[in-house]
Amino acid sequence: MPAKPDLFGHVLCNYLKGDKTPYGIRRDDGWFESPENPNVYFKHGIYEIERKGMKHAKGLVLDVGLGAGRHALYFQKKGLKVVGIDYDSYCVKTAKARGVKTAFTEDIFKPNHIRKYTFDTIWLAGNNLGVAGTVHKLPKLFHILDKLTADNAVILATGFEVEKTTNPDHLAYHRRQRKKGKYPGQMKLRIEYKGLIGEWFQWLHVSSKLLKEALEKTPWKLGKLIRARDGHYLAVIVKKRP
Ligand SMILES: C[S@@+](CC[C@H](N)C(=O)[O-])C[C@H]1O[C@@H](n2cnc3c(N)ncnc32)[C@H](O)[C@@H]1O
């Protein structure tokens, strides 16, 4: 059976149509997290750091990896203009069906339609610093976002202190990654759903330390870090030049 590249979007699309089947996430060491309930992608404001971060949003917002559009819909309701992108066309379809006015199927590393805009806010929630995929691509992500934004723009991004865990499976994975000379939070994952398997994709859990190091090589700096008790954080990132 060929792996499906857009299985996550299918999960969200089906959920919107009333099929509430949960999905699972497989890591390349075999670790499997299941059942995962798609409903979290349909509710904004469930995480306190996201609620706090939303208050910093201004002007024209780019929601990178918008999923089912829970935040784009919130920003629209608040009267902000928002453009959403997701590289999974079924996510874009789902978000649009829910009322997101402007959304494109686009990979943030290959900006196309969004190049005609100048954004004031970049929204990267749902741990979406992870879209960088690898440590190597993290500074590249910030350089792309620099070109898409105004001088006084802000990036609002959530991440996770991935190394702060007591889970033996995760600790073993981190050790293996370090042995290979890799950052522990750089991982290969895939979605599994109703007997189907998704394509492997790279995901990067960005610790605040890694974020600070990556920003040094970019036109951005950390303005503020809003921490949650469980190791998640929201970073307010601003440009170094005035
Ligand atoms: C963890 S989900 C978060 C969805 C949404 N931001 C939320 O919080 O509900 C990550 C989303 O990012 C999308 N994504 C991953 N890499 C991407 C990339 N390079 N460009 C655009 N979208 C990407 C995925 O398809 C997925 O919908």
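This is a predicted model: local features need pLDDT of at least 70, side-chain atom pairs count only at pLDDT 80 or more; totals for chains, interfaces and linings use all residues.
**Loops, helices and a ligand shell**

Me: OK. Where does lysine 194 sit?
Reply: In the loop between strand 8 (186-193) and strand 9 (196-197). Strands here are DSSP runs (E, at least two residues) and helices are runs of H or I with at least four, numbered from the N terminus. Lysine 194 also has a positive phi of about 50°, although it is not a glycine.

Me: And asparagine 127, what is its phi?
Reply: Positive, about 60°, and asparagine 127 is not a glycine. It belongs to the loop between strand 6 (119-124) and helix 5 (138-147). Asparagine 127 counts as partly exposed because it has 19 C-beta neighbours inside 10 Å.

Me: What joins serine 34 and proline 35?
Reply: A cis peptide bond, with omega about 0°. Proline 35 lies in strand 2 (residues 32-36).

Me: Now helix 1 and helix 4. How do they cross?
Reply: The axes of helix 1 (residues 7-16) and helix 4 (residues 89-97) come within 7 Å and cross at roughly 25°. Axes are lines fitted to C-alpha atoms over the stretch in contact, and angles run from 0 to 180 degrees between N-to-C directions. The two helices are therefore roughly parallel (under 35 degrees; over 145 is roughly antiparallel, 65 to 115 roughly perpendicular, the rest oblique).

Me: Which residues meet there?
Reply: From helix 1, Phe8, Gly9, His10, Leu12, Cys13 and Leu16. They meet Ser89, Tyr90, Cys91, Lys93, Thr94 and Ala97 of helix 4. Contact means C-beta atoms, placed from the backbone, within 7 Å. By class, this contact has seven nonpolar, four polar and one charged residues. Nonpolar covers Ala, Val, Leu, Ile, Met, Phe, Trp, Tyr, Cys and Pro; Asp, Glu, Lys and Arg are charged; the others, Gly among them, are polar.

Me: How many residues of helix 3 are buried?
Reply: Six of the eight in helix 3 (residues 70-77), which is mostly covered. They are Arg70, His71, Ala72, Leu73, Tyr74 and Phe75. Their cover includes helix 2 (48-54), strand 3 (60-64), strand 4 (81-86), helix 4 and strand 6. Just after helix 3, glycine 79 has a positive phi of about 90°.

Me: What about alanine 68: buried or exposed?
Reply: Alanine 68 is buried, because 30 other C-beta atoms lie within 10 Å. Its place is the loop between strand 3 and helix 3. Leaving out residues up to four places away in sequence, alanine 68 touches Leu12, Tyr41, Phe42, Cys91, Thr94, Ala95 and Arg98.

Me: Last one. Which residues come nearest the ligand?
Reply: Gly65, Gly67, Asp88, Gly126 and Val131, out of 18 around it. A residue counts if its C-beta atom, placed from the backbone, lies within 6 Å. The shell divides into 10 nonpolar, four polar and four charged residues.

Terms used: Residues are numbered from 1 along each chain as its sequence is written. A residue is buried if 20 or more other C-beta atoms lie within 10 Å of its own, exposed if 12 or fewer, and partly exposed in between; C-beta atoms are placed from the backbone. Two residues are in contact if their C-beta atoms, placed from the backbone, lie within 7 Å.
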